[in-house]
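This report looks at one helix and its surroundings, and then at the aromatic rings. Please read it alongside the sequence and the model shown here.

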Amino acid sequence: GAVLDFETSPREDLRALARSLGDRFPRRRWPLYLPENYAVPGGTVLLNSAVSGGDLGQYLREGKQRWRQAALDLQRLRMDFPLPCPTGEGIPLTDEQLAALQTGRQIFFSRELGARYFTYRRGGETRFVLLDDGDTLHRKIALGERLGIHRGLLTLPECADILRDLTG
């Protein structure tokens, strides 16, 4: 099988590749996983678990209703956002950066986002950090299962340190 992990804006050449694989893979009974904006018949749409706004449960429910076949793309959140953040895009944090920022801070859990978070101030600006750990990703898996999404993918080494938490 294949995972098309396109992180670019939709491009016609990549859409053509997705359509071509969507025609071939099901005949061989090979799985094909694709982002929502490249969905093709015969493929399984990846619903990204790393939301920075809105409600993860609602997003997954709507995705499951929209796409015949869906799977969770279990992306581990570790991002720093300015507040306000109209684009919804943050700055990825390394393990070391996250550890330094969260030291001594109270960390909360957002049921809507399915992730832990904390805030801090830097240079007169309020910042918002979203992070996933084994527990939050496990909760996202359980939410997906309750909604009828029984498959998911995660990447290594991004989740290597919490793999035992996820696999029980």
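In helix H4, the residues Gly-134, Thr-136, Leu-137, Lys-140, Leu-143 and Gly-144 are buried, where buried means under 20% relative accessible area, exposed over 50% and partly exposed in between, with a 1.4 Å probe and protein chains only. This is a predicted model, in which local features need pLDDT of at least 70 and side-chain atom pairs count only at pLDDT 80 or more, while totals for chains, interfaces and linings use all residues. Residues are numbered from 1 along each chain as its sequence is written, and side-chain values use heavy atoms, with hydrogens and water left out.

The buried residues of H4 pack against several elements, among them helix H2 (56-66), strand S8 (115-122) and strand S9 (125-131); contact here means heavy atoms within 4.5 Å, and helices (H or I, at least four residues) and strands (E, at least two) are DSSP runs numbered from the N terminus. Just after H4, Gly-148 takes a positive phi of about 90°.

| Charged end | Ring | Distance from ring centre |
|---|---|---|
| Arg-15 | Tyr-38 | 5.8 Å |
| Arg-139 | Phe-109 | 4.2 Å |

Ring pairs, with centres within 6.5 Å and planes classed as stacked under 30 degrees, edge-to-face over 60 and tilted for the rest, link Phe-81, Phe-108, Tyr-117 and Phe-128 into a cluster. Phe-128 is buried, with a relative accessible area of 16%, whereas Tyr-117, at 24%, counts as partly exposed.

Methods: Rings of Phe, Tyr and Trp (its six-membered ring) pair if their centres lie within 6.5 Å; planes under 30 degrees apart count as stacked, over 60 as edge-to-face and the rest as tilted. A charge sits over a ring if NZ of Lys or CZ of Arg is within 6 Å of the ring centre and within 35 degrees of the ring normal.
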